[in-house]
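Try each task before reading its solution.

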Amino acid sequence: MDGKIYSVHTVTENGSAFTSVRWTILDSVTNQVLDEGNIGDGLDGYDYYQGSLAVNEFGQVVIGYNRSGLDPATGRITLAARTFSTSGSGELMQIGDEIVLRVSDTDDYHNGSLFGQTAVGRQRWADYSSVSLDPEDSSMFWLAGTFAREYNNAAGGHPGGTGGSRWGTFIAAIDFDRSTGVVPEPSTWAIMILGMGVVGASLRRRRYLQMAASLPQSAV
């Protein structure tokens with residue numbers, strides 16, 4: 001975009017036990033690094049991973065990612081995002097604070113084992129995030145990511161369920177104000193999405209930040 005290449009990936013710094021999301025901006029002609037930085041430094045006790053990025057013609061950037069930590073109160077897998085603007089020299093400047101989009105319903109993540117059992121084998125840890133521009137309005141950024149749902153059992157509101165772990169996809173939209181480039185405070189969209197068709201209809205609802213309810217995925 002505008003002669004610049006934007007990228008994001010997950011790194012673990014030498015000597016650190018934590019991962020960070022690193023963004024890099026290159027000059028598309030010279031391949032010179034114009035700017036580089038991390039989301040997460042290990043000092044806050046969180047891992048940051050599964051980063052994704054989109055940028056529009058105004059140099060406005062949204063980076064989505066997952067984070068998790070050891071603190072039971074705050075360390076659940078969380079889908080979050082940060083917003084930036086790009087300076088003329090190609091440096092990213094963060095706008096506001098981290099935007100928390102969806103916190104997992106549980107901090108007990110299992111894949112292939114039932115509630116109360118010991119987790120076995122490789123465990124899922126929030127598989128993806130994505131950010132993309134609205135095809136009709138480039139000031140609107142759509143995000144999707146993974147979160148751990150309630151267990152498929154009576155305690156989770158599913159009498160007669162198998163007791164398996166459950167994962168879901170969360171969708172949200174962040175809208176930059178065209179005149180100021182500022183991202184307004186989030187507001188909740190209190191509608192349960194029953195199908196992807198509703199997402200298309202929601203594009204017409206011009207709220208600054210719309211957060212869709214959970215999209216269930218198949219139970220284990």
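This is a predicted model: local features need pLDDT of at least 70, side-chain atom pairs count only at pLDDT 80 or more; totals for chains, interfaces and linings use all residues.

## Exercise 1: the main core

Find the largest nonpolar core and the residues with the most contacts inside it.

Solution. The largest nonpolar core has 15 residues, and those with the most contacts inside it are Y6, I39, V61, I63, Y65, F84 and L92. Such a core is a set of buried Ala, Val, Leu, Ile, Met, Phe, Trp, Tyr and Cys residues joined through side-chain atoms within 4.5 Å; buried means under 20% relative accessible area (1.4 Å probe, protein chains only). Next, look at the strands (DSSP E runs of at least two residues, numbered from the N terminus): β2 (19-27), β4 (46-55), β5 (60-69) and β6 (78-86) each supply at least two residues of this core. Of the strands, β4 gives the most, with 4 residues.

Residues are numbered from 1 along each chain as its sequence is written, and side-chain values use heavy atoms, with hydrogens and water left out.

## Exercise 2: around V61

Which residues does V61 touch, leaving out those up to four places away in sequence?

Solution. Count a contact when heavy atoms lie within 4.5 Å. V61 then touches Y6, L53, A54, V55, R82, T83, F84, T86, L92, F141 and F176. A second, separate core of 14 residues includes F141, along with L143, A172 and I174.

## Exercise 3: the whole chain

What percentage of the residues count as buried?

Solution. Of the 220 residues, 47% are buried.

Note on methods:
Buried means under 20% relative accessible area, exposed over 50%, partly exposed in between (1.4 Å probe, protein chains only).
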